[in-house]
Amino acid sequence: MKKLIFACLTSALTLAAHADNPLYETGPAQDSSFVRFLNASEDKANVVNGAAKVALAAQGDGRVSRFYPVKAGAKLAANVQVGNAKAAVEVVAKPGEFVTIAIVSNGAGIDTVVVKDTPTDFNASKASVALLNLDKSCNAAGLNVAEKNTAIVEAVKPASLQRRLVNPIGLKTQVMCDAKDAGKVVDLGQLQPGERYSVVLMPGKKARQTFFVRDSTS
Amino acid sequence: MSALLAGLTVLIIGDSHMSTPDYLITTLHDDLMSKGAVVYSFGACGVAAGDWMVKSQSPCGGAARIKDGPVEVKTGQDAMTRPFNELIKTYKPNLVVVVNGDTMASYAAPELPKTWIWQQVSRLTKGVKNNTVGCVWVGPAWGTEGGKFNKTFARAKEMSGYLSEIVAPCTYIDSLTLSKPGEWASSDGQHFDLAGYKAWGAAIGNAISSPAVLQTIKK
């Protein structure tokens, strides 16, 4: 009988213990935010924030940093330098926002262009392709499938971005500016499901340039 | 006892639903074993999906169960995730079952943190892709509204819909289709009584045994 009472008590205590789960966080109070730097000046650039320094190449993949995680709502200040030209930039990222700070030439000096993206199209079966328009002389940029004139995105204003989910296929694109070809064909290769890409239109010293970058956060 | 899953080695990893005896670490584990699978289960309460790629401390306990052994409860510093790649190397599963949703839904926040969830889920699914292992992802169940975690049916539905789009290559198991809202009793809105966990475990086991899921697994 004592054994039975003990067993019942143990069972009751166990059930009570199961019912009392400790409280834990079910996620962050606000969403993650990111900032990256893009060098569209065609010369080497340095970005300095306190002791942190990011060196950006003049050409190729090294022109663009990865997206660095930042605290949403906090003011972020950095100094940008290309040769002797300097510019200061300040941004505040909202929760869930991806901010691109681009450096562009302006005569002998430089300007910074801030492009903000709050994506809601995360999808592991498709690829996300964006067109980022850094050319203030291009009022309506578009991205077509190369040689097919099929529009992926249209009417992208300067200092802005549009993106679209596409099937993960091999993709060559042509940037359009006011309905004319801008820059060379950009070959993104075989798109990977779940990956995110930005095709960039930038004002070059001689002519408009186009290239693509993966929107990497790590 | 059946042989539906004979020849299959299953690794289950998950959050609080896998961290207490009589939760899914008992009922789902038993269900898959009764169908002939060899099962290894690991739970770390309160962790997000990406925490499974490295050794991460659980804020509220954990548990492990190897094959037909007992549930070993872990507390304090012993309650950790084990890195996914190490688990795959050690147990060589054909199928990984991820039980994770409630710990990323930010029930107390006004907005679903979609970017953060994407990051967390992508970290783990990258591990799944790199190891070319079959995978199913079990999303949150309805629970009950209110309770100390502030869970709501609307957020559970939003979270489940979002997970279904971002967990590939894992096959998504929508737990919301496995019961009616509030059908399984819960004391805190999120965790169930034994009857609830038995029903949930059996329903997940049936989904895993379906031809649609079995076709995706290399034996």
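How many positive and negative side chains does chain A have, and how far apart do the centres of the two sets lie? Chain A has 26 positive and 19 negative side chains, with the two centres 3 Å apart.

1. Basis. This is a predicted model, in which local features need pLDDT of at least 70 and side-chain atom pairs count only at pLDDT 80 or more, whereas totals for chains, interfaces and linings use all residues. Residues are numbered from 1 along each chain as its sequence is written, chains are lettered from A and ligands numbered from 1 in the order in which they are written, and side-chain values use heavy atoms, without hydrogens and water.

2. Chain A, overall. One helix and 16 strands make up the secondary structure of chain A (DSSP runs numbered from the N terminus: helices are H or I of at least four residues, strands E of at least two). Its radius of gyration is 24 Å, well over the 17 Å that the globule rule gives for 218 residues, so chain A is more spread out than a compact globule. The radius is taken over C-alpha atoms, and the rule is 2.2 Å times the number of residues to the power 0.38. The C-alpha trace of chain A spans about 95 × 45 × 25 Å along its principal axes.

3. Chain B, overall. Chain B has six helices and seven strands. Its radius of gyration is 16 Å, close to the 17 Å of the globule rule for 219 residues, so chain B is as compact as a globular protein of that length. The C-alpha atoms of chain B fill a box of roughly 45 × 35 × 35 Å along the principal axes.

4. Buried residues are 44% of the 218 in chain A and 60% of the 219 in chain B. Buried means under 20% relative accessible area, exposed over 50%, and partly exposed in between (1.4 Å probe, protein chains only). Among contacts (heavy atoms within 4.5 Å) between residues at least 6 apart in sequence, 57% in chain A join residues at least 24 apart; for chain B the figure is 74%.

5. S198(A). This residue is in strand 15 (residues 196-202) of chain A and is buried, at 0% relative accessible area. Its side chain makes a polar contact of 3.2 Å with that of R36(A). A polar contact is a pair of N or O atoms within 3.5 Å; within protein, one must be able to donate a hydrogen and the other to accept it, and residues adjacent in sequence count only if both atoms are side-chain atoms. Beyond four places in sequence, the contacts of S198(A) include R163(A), F211(A) and D215(A).

6. Loop residues. P95(A), between strand 6 (85-92) and strand 7 (98-106) of chain A, is partly exposed at 41%. A179(A) has phi near 70°, a positive value in a residue other than glycine, and is exposed at 70%. In chain B, N150(B) likewise has a positive phi, near 60°, and is partly exposed at 40%. The peptide bond from A168(B) to P169(B) is cis, with omega near 10°.

Terms used. Lys, Arg positive; Asp, Glu negative; His and termini not counted. Charge placed at Lys NZ, Arg CZ, Asp CG, Glu CD.
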